[in-house]
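Q: Can we walk through this one together? I'd like to start with what the database record says, then look around the rest.

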Amino acid sequence: MASSDRVTFRTQILNRHLRPSHSHTFSPPVSVSSSPCLSYIPPDLTEPASSFDTKEMRALLDAHNIQDRDWLFNLMIQSNLFNPKLRGHRVFVCPDYNQSMEQQREINMRRIEYLLDRGVFKGWLTDSSEESELRKVAFNERGVVHLDGACVGFSLNLLVSPCDGLKIRSSYPHSSKRQVLLDFRGGAIQFFGTKRHHDKWLKVTEDLGIKGCFSMTELGHGSNVRGIETVTTYDPHTGEFVINTPCESAQKYWIGGAAKHATHTIVFSQLKIEGKDQGVHAFIVPIRDSDGNVYPNIRIADCGHKIGLNGVDNGRIWFDNVHIPRENLLNSVADVSPDGQYLSAIKDPDQRFAAFLAPLTSGRVMIAVTAIYISKIGLAIAIRYALSRRAFSLTPNEPEVLLLDYPSHQRRLFPLLAKTYAMTFAGNHLKSVYVKRTPETNKIIHVLSSGLKATLTWHNMRTLQECREACGGQGLKTENRVGNLKAEFDVQSTFEGDNNVLMQQVSKALLGEYLAARKQSRAFKGLWLEHMNEPSPVILPQLTSSSLRSSQFQTDIFFLRERDLLNRFVAEVAAHQKQGRSKEHAFVLGHLLAEDLGRAFADKAILLTFIEAEANVSTGPLKNAAAAREEVMKLCSELRPHALALVSSFGIPGAFLSPIAFDWIEANSWPSSQQVP
């Protein structure tokens with residue numbers, strides 16, 4: 001093929017790529033001055049002025065404690081402990097990827113002490129007011145921006161909630177670490193203990209006078225807490241409990257903080273009184289003295305190197321006839337008298353177990369909201385890079401085209417951006433019902449947090465992978481963060497409940513509500529199932545642009561999807577039961593519909609909370625974030641002028657993004673290269 005023919009052929013291909021046969025139009029690239037070499041042009045100078053106030057948008061997204069969030073950002077930026085680096089004339093607070101696992105663990109402790117000294121954790125465990133809880137949630141979200149397996153965020157899950165093993169502990173390193181040392185254990189004492197435990201343990205834990213961890217997960221049991229094998233008996237002659245690891249599969253596993261720093265742990269164990277199994281209970285157990293020496297009859301081993309979060313010292317623990325005082329039983333649900341009598345106001349073992357595990361919901365709440373914040377970091381980096389990186393030109397001697405001006409690039413990032421906006425409001429709703437929780441709302445919090453934890457963490461992984469690919473080769477560099485974020489947060493789909501298991505819990509709750517409503521001949525109430533009381537929505541065979549953009553239409557199709565899946569799921573479970581199978585067995589056999597139903601519930605919740613947030617805004621900024629609910633390709637082109645403003649509204653300081661989000665040419669210049677170890 002002749003040279004001129006190759007040029008023509010290439011131009012035709014690019015022309016078809018840039019001008020697909022969709023109704024939207026392609027905006028021609030902005031002209032740039034001719035230069036023998038590429039130069040970085042800040043998108044802040046070339047992009048059109050925002051049609052909305054990014055500060056107002058950020059206020060809508062963050063919803064609360066904005067000043068506290070910025071204060072935390074500044075504390076981290078100001079300290080050399082968080083590894084500030086000069087790249088491309090900008091300072092980035094980024095992890096040191098050359099540190100060993102031991103170095104990451106030690107720097108974690110120093111960061112925790114730095115933040116502790118500056119009052120970040122004041123009232124963390126001793127102030128249970130709604131205001132204090134919202135502050136902790138805000139710090140939890142913002143803390144995850146710094147991440148290296150040695151420092152990530154304050155995963156409130158850990159801080160105020162009991163979270164387990166690999167679960168939270170390894171979730172967000174310095175935060176994760178702090179959580180394992182203080183929050184996991186302190187949170188467990190808050191929820192599972194009573195006044196005698198609060199008075200003795202909370203303040204000293206908050207001040208890091210003792211360092212705690214949370215021992216629920218075992219080698220042989222993770223999601224199935226009821227099946228754990230650690231055994232505790234009571235000796236009425238000494239007034240002590242005796243804890244044992246009866247077999248290798250009963251060793252406590254993935255216990256964050258246990259391998260190196262923790263002095264105490266909350267042990268979840270089967271309790272046997274006079275030979276009778278009373279189910280799972282929690283106990284405060286010292287495991288090291290103040291000098292770090294492991295106590296007799298306790299064995300601790302390191303879990304070793306992980307794919308991420310190596311700043312958290314996950315460990316394994318064995319107990320060999322370990323004696324603890326009777327008062328170390330966390331007795332909010334049940335107690336044992338000095339003479340060995342088992343006491344509980346909840347006589348039914350199933351109800352007692354459910355009440356015992358109810359506090360674990362808080363971990364899922366915090367994981368969900370931190371997952372969506374990590375998605376924002378990835379999107380902010382990828383979109384800012386695409387607003388300055390160019391590739392190919394339409395014809396010879398014309399400037400190359402910005403990546404974000406390619407419809408294909410918009411299509412891969414903008415729907416994820418829109419979903420991230422929508423999921424942010426779902427997360428805000430979840431936080432709101434959680435901090436205002438009452439016994440009556442425990443069920444909806446459990447179901448909603450289960451569905452959103454799974455959906456938002458799955459979304460985070462998909463988003464980070466797409467952002468990594470959208471950054472091309474630059475996405476492979478750890479300093480550009482996206483790939484490393486993916487490795488660090490992959491575990492979110494596992495801890496605090498495997499995502500697929502959580503989706504089955506959601507569908508099981510929906511099944512229970514369906515059967516109860518039918519058995520009692522009453523209307524559906526709660527879990528946003530009230531739409532089941534109305535006639536099934538009718539979808540017109542011919543859909544127009546106007547109908548696709550209608551909130552009523554969108555709500556109808558989401559309701560119709562859930563209704564159809566729920567009816568089919570009920571029918572399938574009933575059919576298996578008619579064949580003689582137990583209800584649990586029938587439920588397991590219907591796992592495909594169960595997971596689809598769980599996803600449908602979560603998607604419905606996200607849509608409804610987003611529509612509610614949109615309806616409460618008097619001006620138009622949220623309308624620009626609704627691409628996921630509208631005609632995707634057309635909306636991508638409509639969203640394009642707002643891309644920079646939308647990611648700027650996340651409120652993430654540039655220091656917590658990466659070099660490719662700014663002057664990536666200067667960051668990779670020879671002088672800059674000499675600054676990188």
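This is a predicted model: local features need pLDDT of at least 70, side-chain atom pairs count only at pLDDT 80 or more; totals for chains, interfaces and linings use all residues.

Q: Okay. Where does UniProt place the "binding site" feature?
A: At Thr217 and Gly256, according to an unreviewed UniProt entry.

Q: What is the largest C-alpha distance there?
A: It is 10.7 Å. The positions are spread over 40 residues of sequence, yet they cluster in space.

Q: Which loop holds Thr217?
A: The loop between strand 3 (212-215) and strand 4 (231-235).

Q: And Gly256, which loop is that in?
A: Gly256 is in the loop between strand 6 and strand 7 (264-273).

Q: Is Thr217 buried or exposed?
A: Buried. Its relative accessible area is 9%, and the cut-off for buried is under 20%, so Thr217 qualifies.

Q: You mentioned strand 6. Which sheet order is it part of?
A: Three strands form an open sheet, in the order 6-10-9. The pairing is antiparallel.

Q: Which are the edge strands?
A: Strand 6 (252-255) and strand 9 (298-302). Each of them pairs on one side only.

Q: How much does the twist average?
A: The average is 25° from one strand to the next.

Q: How many bridges link strand 6 and strand 10?
A: Two bridges, in the antiparallel sense, and strand 10 covers residues 315-319. For one partner pair, look at Ile255: its bridge partner in strand 10 is Gly315.

Q: How many bridges join strand 5 to strand 11?
A: Four, and the two strands run antiparallel. Strand 5 is residues 240-244. Val242 stands opposite His323 in strand 11.

Q: Zooming out now. How many helices and strands are in the chain?
A: There are 24 helices and 15 strands.

Q: What share of the residues is buried?
A: Buried residues make up 56% of the 677 in the chain.

Q: And how much accessible surface does the chain have?
A: About 27,500 Å². Carbon and sulfur atoms account for 53% of that.

Q: What about contacts between residues at least 24 apart?
A: Take the contacts between residues at least 6 apart in sequence. Of those, 74% join residues at least 24 apart.

Q: Can you show me one such case? What separates Leu413 and Thr463?
A: They are 50 residues apart along the chain, and their C-alpha atoms are separated by 8.1 Å.

Q: Which helix is Leu413 in?
A: Helix 13 (residues 407-435). Leu413 is buried, with a relative accessible area of 0%.

Q: What is Leu413 in contact with?
A: Leaving aside neighbours within four places in sequence, Leu413 contacts Leu379, Ala382, Ile383, Leu404, Cys467 and Ala470.

Q: Next topic: which residues does UniProt list for "transmembrane region"?
A: The unreviewed entry lists residues 365-387 and 643-662.

Q: How much helix is in residues 365-387?
A: That span is 96% helix and 0% strand. Its end C-alpha atoms lie 34 Å apart.

Q: And residues 643-662? How much helix there?
A: Residues 643-662 are 30% helix and 0% strand, with end C-alpha atoms 15 Å apart.

Q: What does Glu562 touch?
A: Not counting residues up to four places away in sequence, its contacts include His531, Lys604, Trp528 and Phe601.

Q: Last topic, rings. How many aromatic pairs are there?
A: The count comes to 19. One of them is Phe121 with Trp124, an edge-to-face pair. The centres are 5.3 Å apart, with 85° between the planes.

Q: Are Phe121 and Trp124 buried or exposed?
A: Phe121 is buried at 1% relative accessibility, and Trp124 is buried at 0%.

Q: Which residues do ring pairs link into a cluster here?
A: Trp71, Phe121, Trp124 and Phe139.

Terms used. Residues are numbered from 1 along each chain as its sequence is written. Side-chain values use heavy atoms; hydrogens and water are left out. Two strands pair if DSSP finds at least two bridges between them. Axes are lines fitted to C-alpha atoms, for helices over the stretch in contact, and angles run from 0 to 180 degrees between N-to-C directions. Buried means under 20% relative accessible area, exposed over 50%, partly exposed in between (1.4 Å probe, protein chains only). Contact means heavy atoms within 4.5 Å. Accessible areas come from the Shrake-Rupley method with a 1.4 Å probe; for residues, only the protein chains shown count as cover. UniProt positions are given in the numbering used here, feature names are shortened, and annotations may be inferred rather than shown by experiment. Rings of Phe, Tyr and Trp (its six-membered ring) pair if their centres lie within 6.5 Å; planes under 30 degrees apart count as stacked, over 60 as edge-to-face and the rest as tilted.
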